[in-house]
Amino acid sequence: MVGKATISVLILALLLLTTSIFIATVDLRSYLYPILLPRPGGRFPCSTGGGPLMVYMYDLPRRFHVGMLRRRSPADESPVTAENLPPWPSNSGLKKQHSVEYWMMASLLYDGGGGNETREAVRVWDPEMADAFFVPFFSSLSFNTHGHNMTDPDTEFDRQLQIDILKILRESKYWQRSGGRDHVIPMHHPNAFRFFREQVNTSILIVADFGRYPKEISNLRKDVVAPYVHVVDSFTDDNSPDPYESRTTLLFFRGRTIRKDEGIVRAKLAKLLAGYDDVIYEQSFASGANIKVSTQGMRSSKFCLHPAGDTPSSCRLFDAIVSHCVPVIVSDQIELPYEDEIDYTQFSIFFSDKEALEPGYMIEQLRQIPKERWVEMWRHLKYISHHYEFQYPPKKGDAIDMLWRQVKHKLPRANLDVHRSRRLKVPDWWDHRR
């Protein structure tokens, strides 16, 4: 009896569906369209939502990337793989802080552990399957390696590399297809790619901040702010039963006032803080022993000062984070990494330039912060500090994993710009509207 009733219901439903199609109240094409639509590369639009970001990495000669790590080694043009990737030099000093480009490349070379489902980005060998295109040109290392002064003859090597990489990109049909909008180019040092950066201004740039970029070249709408690679050791065993009392210094401040471009605010702050007994000001920072001094200074301080200098951000902020020293950020123009996911007010203190330069104001405000609030910020620092770790092999949630997720967030806007550019007869009409 039940079986006959079921069959009757099915026949009735089929009859209603047939009638609806016949009188055009149901259009099956709207349901079948995504399946029937031909895809030239087999990749569906907006396919980055669920799985990892599919990234095609340009296969560039070693002189554009790892060849700069070992300048005195014999010429080697073999492809870079996970097996032969040279480690980042342990004696690189402050060059390490802008090595984001190296770690992004390394993450795409890595092909083991965990499975692709645990990673934000994986490498694909077929460019037709790619969501984004990574350009492994170590522009920051090139600046640091090939002469800092614009009159230095070695600077010509940096300039020629930029000319050569532009030639490669312009000849790429994938660059031509999108105008470079879906290409990811690391440019972390403020002077990286300094000769021709305006010619890659449509791409997703990986920057430290926007201090030296006109908004036409780099801006928060399309680009990704990356943390500096910290140079002090991470505080992995920070398990004091009473961290507030064990950190006997109120404020730690590391700066280099001997630099002429160090910044007016930072120089004035150094003078204002000179007379406090519970403030440590370290005037120099290089490598070796001084790094150890900074490490100890941050680990024994409740707060670590991060004032703006010649650029809005610096490595000291991220050294403070991995030292679990509550950052005190003094900058009117700073932009911070991952800020759509991380609320910095939960573990940092912010002052405007004007507030910080008012004699005694900042120190008094820091002294009034209750122990309970400081401990809460310290715990939050311990909870999020792994997001600022650069490492190989990469790990879920580390700095590079977070950066690829940020790139993923930028792609919908890049795709919108690409699609609009293909059909607009007046590309910039929106900017000239009344």
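This is a predicted model: local features need pLDDT of at least 70, side-chain atom pairs count only at pLDDT 80 or more; totals for chains, interfaces and linings use all residues.

Student: Why is Tyr 338 called buried?

Tutor: Buried means under 20% relative accessible area. Tyr 338 has a relative accessible area of 1%, so it counts as buried.

Student: And what is the phi of Tyr 338?

Tutor: Phi is near 55° there, a positive value in a residue other than glycine. Most residues other than glycine have a negative phi.

Student: What about Phe 193: where does it lie?

Tutor: In the loop between β4 and β5 (204-207). Phi of Phe 193 is also positive, near 55°.

Student: Why does Phe 193 count as buried?

Tutor: Its relative accessibility is 2%, and the cut-off is under 20%. Therefore Phe 193 counts as buried.

Student: How do you know that β3 and β4 pair?

Tutor: Pairing takes at least two bridges. Two bridges join β3 (residues 132-134) to β4 (residues 183-186), so the two strands pair, and they run parallel. In one of the bridges, Phe 133 has His 183 in β4 as its partner.

Student: What makes β2 and β6 edge strands?

Tutor: The open sheet has six strands in the order β2-β1-β3-β4-β5-β6. β2 (121-123) and β6 (224-225) each pair on one side only.

Student: What joins Tyr 392 and Pro 393?

Tutor: A cis peptide bond, with omega about 0°. Pro 393 is in the loop between α13 (371-384) and α14 (399-423).

Notes: Residues are numbered from 1 along each chain as its sequence is written. Side-chain values use heavy atoms; hydrogens and water are left out. Helices (H or I, at least four residues) and strands (E, at least two) are DSSP runs, numbered from the N terminus. Buried means under 20% relative accessible area, exposed over 50%, partly exposed in between (1.4 Å probe, protein chains only).
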